[in-house]
Amino acid sequence: MAAGYPAMGHRIVSPQEGVDQQAKRRGRTGHSATSSLLFWVAVCKEQPEEFWLSKVVFKVSHGSVDSKCPLMVKVLDAVRGSPAADVTVKVFKQAEDGSWQDFAVGKTTEYGEIHELTTEEQFVEGKYMVKFETSSYWKALGLSAFHEYADVVFMANDSGHRHYTIAALLSPFSYSTTAVVTDPQE
């Protein structure tokens, strides 16, 4: 096991499985509504069948600093349950001929975030790809990863100008992404 990782196993469970496990613990049956932007991390204790659930919620704020930020990225390390610092993120914009052109690049902060990847004026309508360099992140932690990278391709500003937060939850053998799209605040 790599340094800095707990001696217990982790696995990602679906939001519904997380809700079902919580209901079972509370003596309830049936389904209940799941929260949006919520990832559940099951942390195995000494016995594989014993585990507790930890909610991992990406908080999205578009206030003060972020109010002028049309594209923001957040990355979380699901194994350690903490922000993923120093993840290289590259953004590409699709050209008219279908090729991908370099658009922006950055590294996540200690909080797993990148702000100010672009400006309002530069972030025009079009198809974009956000590419998370996951392999180098895991390699720096002494782990071998299955994926070389994780990417998200999306159409931006096709329904008017918006702000986008792209969030990624990473583990060495899987990843999950979500997006929050909001109207810009004055």
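**Cavity lining and positive phi angles**

In this predicted model, at least two residues of the lining of the largest cavity come from each of helix 2 (134-140), strand 11 (163-171) and strand 12 (174-182). Helices (H or I, at least four residues) and strands (E, at least two) are DSSP runs numbered from the N terminus. Residues are numbered from 1 along each chain as its sequence is written. Local features need pLDDT of at least 70 and side-chain atom pairs count only at pLDDT 80 or more, while totals for chains, interfaces and linings use all residues.

The structure contains 1 cavity of 30 Å³ or more; a cavity is a set of points, on a 1 Å grid over the protein atoms alone, where a 1.4 Å probe fits but cannot get out, and lining residues have an atom within 4 Å of a point. The volume of the largest cavity is about 30 Å³, taken as the space filled by probe spheres set on the points, with grid points joined across faces, edges and corners. Its lining consists of T134, W138, A145, H147, L170, S171, P172, S174 and Y175. By class, the lining has 5 nonpolar residues, 4 polar and no charged (nonpolar: Ala, Val, Leu, Ile, Met, Phe, Trp, Tyr, Cys and Pro; charged: Asp, Glu, Lys and Arg; polar: the others, Gly among them).

Most residues other than glycine have a negative phi. D86, not a glycine, has a positive phi of about 65° and lies in the loop between strand 5 (82-83) and strand 6 (88-94). E116 also has a positive phi, near 55°, and is placed in the loop between strand 8 (113-114) and strand 9 (126-132). The relative accessible area of E116 is 59%, so E116 is exposed (over 50%, with a 1.4 Å probe and protein chains only).

Methods: Side-chain values use heavy atoms; hydrogens and water are left out. On a 1 Å grid over the protein atoms alone, a cavity is a set of points where a 1.4 Å probe fits but cannot get out, and a pocket is an open set with protein on both sides within 12 Å along at least five of seven lines; lining residues have an atom within 4 Å of a point. Buried means under 20% relative accessible area, exposed over 50%, partly exposed in between (1.4 Å probe, protein chains only).
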